[in-house]
Amino acid sequence: MKKIYKNLLFRVFCGIVLGILVGKIAPEWFYRILLTFKGIFGNFLGFAIPLIIMGLVMPSISALGKSAGKMLLVTVAIAYSFTLFSGFSTYFVSDALFPSLLEGQKMDDIGEGILALPYFTVPMPPVMDVMTALLLSFVIGIGLSIREHSVFVEVIKEFGEVVSWLIAKAIIPVLPYYIMSIFAQITFEGKVVAVMGVFFKLIGILFVMHVVLLLLQFAIAGSITKKNPIKALMTMLPAYATALGTQSSAATIPITMRQAIQLGVSERVAGFVIPLCATIHLSGSTMKITACAIALMLMEGMPFDIELFAGFIPMLGIIMIAAPGVPGGAIMASLGILSSMLGFSEVQQGLMIALYVAMDSFGTACNVTGDGAVALIVQKVIKE
C-alpha cells in the first residue's frame with residue numbers, strides 16, 4: 001500500500017477525485033483556501049519554469065556536443081525526425097477527429113469568472129521570460145560543447161542537479177494537491193463533466209495512436225533494414241511492458257538494450273543508442289502533449305492552425321531533451337512554451353499536467369519501444 005501511495009499516477013487520481021468532491025460539498029471558506037494555495041503554487045511554477053528550462057536544456061546540449069561523431073549525429077537526426085513525425089501526424093489526426101469527438105464538450109474560459117476569490121496572493125515574478133531562458137540555454141549549451149575544457153561545465157551540471165531536485169522534491173510531491181485545487185475550482189464552476197469526458201476519450205484515443213505510431217516506426221525500420229516489422233515490434237514488447245510499470249525511460253534501459261540486441265543490433269550500437277534515446281527520443285511524449293493541447297484548445301474555442309503548431313512541435317522536441325530522466329520533467333519543461341506559444345492559462349497548464357500524468361506510462365512505453373526502431377536504422381546507416 002505504501003508503494004501504491006507513492007505512485008504519482010495514483011496520487012493524481014486521488015487529487016482529481018477529492019477535488020471533485022470538495023467542489024461539490026465543501027463550504028466556500030474552504031474553497032477559498034484551496035484557491036489561495038492554487039494561486040501561490042501557480043505563481044511558484046511560473047517562477048520555476050525558466051529555471052527548469054535552463055537546468056534541463058543547458059547540460060544536455062553541452063554534453064551532446066562534446067561526444068560529436070557520426071553515430072551521435074545519425075542517432076540524433078533519426079530520433080528527432082521520429083519525434084517531429086509523431087508531433088505533426090498527431091496534429092493532423094487530432095485536427096481531423098477531435099472536433100467531432102469533442103462536440104458538445106466545449107468550455108469557454110476555464111478559470112474565468114471565478115465564483116469566489118483567494119484570501120491573498122503572493123507575486124513571484126520569474127527572473128526572465130521563457131524565450132529568454134530558451135535562447136540563453138541554447139547559446140550557453142552550444143558554446144560549452146565546442147570547448148575542450150571549461151570550469152563552467154561543472155557549474156551547469158550542478159545547476160541541472162539542483163533543478164532536478166527542485167522538480168523531484170519541491171514540485172512533483174505538491175502536484176496532486178495543486179490538481180485537486182484545480183478540479184475543485186472546475187467543479188465549483190460546473191464544468192467538471194466536460195473535462196472528465198475529455199479525459200476518458202483522450203486516454204482511449206491516444207493509446208490507439210501510440211500503437212499505430214509504433215507500427216509505422218517499425219515499418220520504416222523494417223523497410224530500411226529488410227527485417228520483419230511485426231516480428232521486430234514483438235521482440236521489443238518486454239521493454240514496453242517494463243516501461244508501463246516503471247514509468248521511466250532511464251529505468252527501462254537494461255531491458256531495452258537486451259531486446260535491441262535480440263533484434264540483431266550490435267552491443268556497441270545498442271550500448272550507445274539506447275541510453276542516448278532514453279534522453280532524446282520523445283515520440284510518445286510529443287504525441288501526448290500535442291493531442292492534449294489541441295483538445296483543450298478546442299474545448300475552450302481557442303483558435304489554432306498548422307502555422308502555430310509548426311513552431312510549437314519542433315520547439316517541444318528540443319525543450320524536452322533530458323526531461324525523461326526527471327519524473328514529470330517532460331510536462332514541466334513544456335509548460336513554458338504552452339504558455340508563451342499557445343497562450344495557456346494557469347488552469348489550462350494544470351489540466352495538461354493531470355492529462356499527461358494520467359497517460360505517462362503509455363507515452364514512456366512508446367518512447368522506449370521506438371528506441372529499438374531507431375537502433376536498427378542507426379546500425380544500417382553506419383554499416384556496423
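Start at F183, which touches I16, G19, I20, V192, V195, M196, F199, L351 and A354 once residues up to four places away in sequence are set aside; contact here is heavy atoms within 4.5 Å. This is a predicted model, where local features need pLDDT of at least 70 and side-chain atom pairs count only at pLDDT 80 or more, while totals for chains, interfaces and linings use all residues. Residues are numbered from 1 along each chain as its sequence is written, and side-chain values use heavy atoms, with hydrogens and water left out.

Buried is under 20% relative accessible area, exposed is over 50%, and partly exposed lies in between (1.4 Å probe, protein chains only).

I203 is partly exposed, at 26% relative accessible area. Leaving aside neighbours within four places in sequence, I203 is in contact with A358, M359 and F362. The I203 and A358 pair is 155 residues apart in sequence, yet the C-alpha atoms are 7.9 Å apart in space.

Now for the charged pairs. The structure holds two salt bridges, each being a side-chain nitrogen of Lys or Arg within 4 Å of a carboxyl oxygen of Asp or Glu. One joins E346 to K38, with the closest N and O atoms 3.4 Å apart. That pair ties together distant parts of the chain, since E346 belongs to helix α16 (residues 346-358) and K38 to helix α3 (residues 28-66), 308 residues apart. E346 is partly exposed at 26%, whereas K38 is buried at 7%. The other bridge links K157 and E154, whose closest N and O atoms are 3.9 Å apart. K157 and E154 are three residues apart in helix α6 (residues 151-171), so about one helical turn separates them. K157 is partly exposed at 44%, and E154 is partly exposed at 46%.

What about the cysteines? There are zero disulfides (pairs of cysteine sulfur atoms within 2.5 Å). C14 is partly exposed at 26% relative accessible area, while C292 is buried at 2%.

The UniProt record, an unreviewed entry, places "transmembrane region" at residues 12-34, 40-59, 71-93, 127-146, 166-186, 192-216 and 308-333; such annotations may be inferred rather than shown by experiment. Over residues 40-59 the model is 100% helix and 0% strand, with end C-alpha atoms 29 Å apart. Residues 166-186 come out at 86% helix and 0% strand, with 28 Å between the end C-alpha atoms.

Finish at helix α12, residues 267-280. Its 14 residues reach 20 Å from first C-alpha to last, close to the 20 Å expected at 1.5 Å a residue, where the expected span is 1.5 Å times one less than the number of residues. The buried residues of α12 are V269, A270, V273, I274, L276, C277, A278 and I280.

Technical notes: Helices (H or I, at least four residues) and strands (E, at least two) are DSSP runs, numbered from the N terminus.
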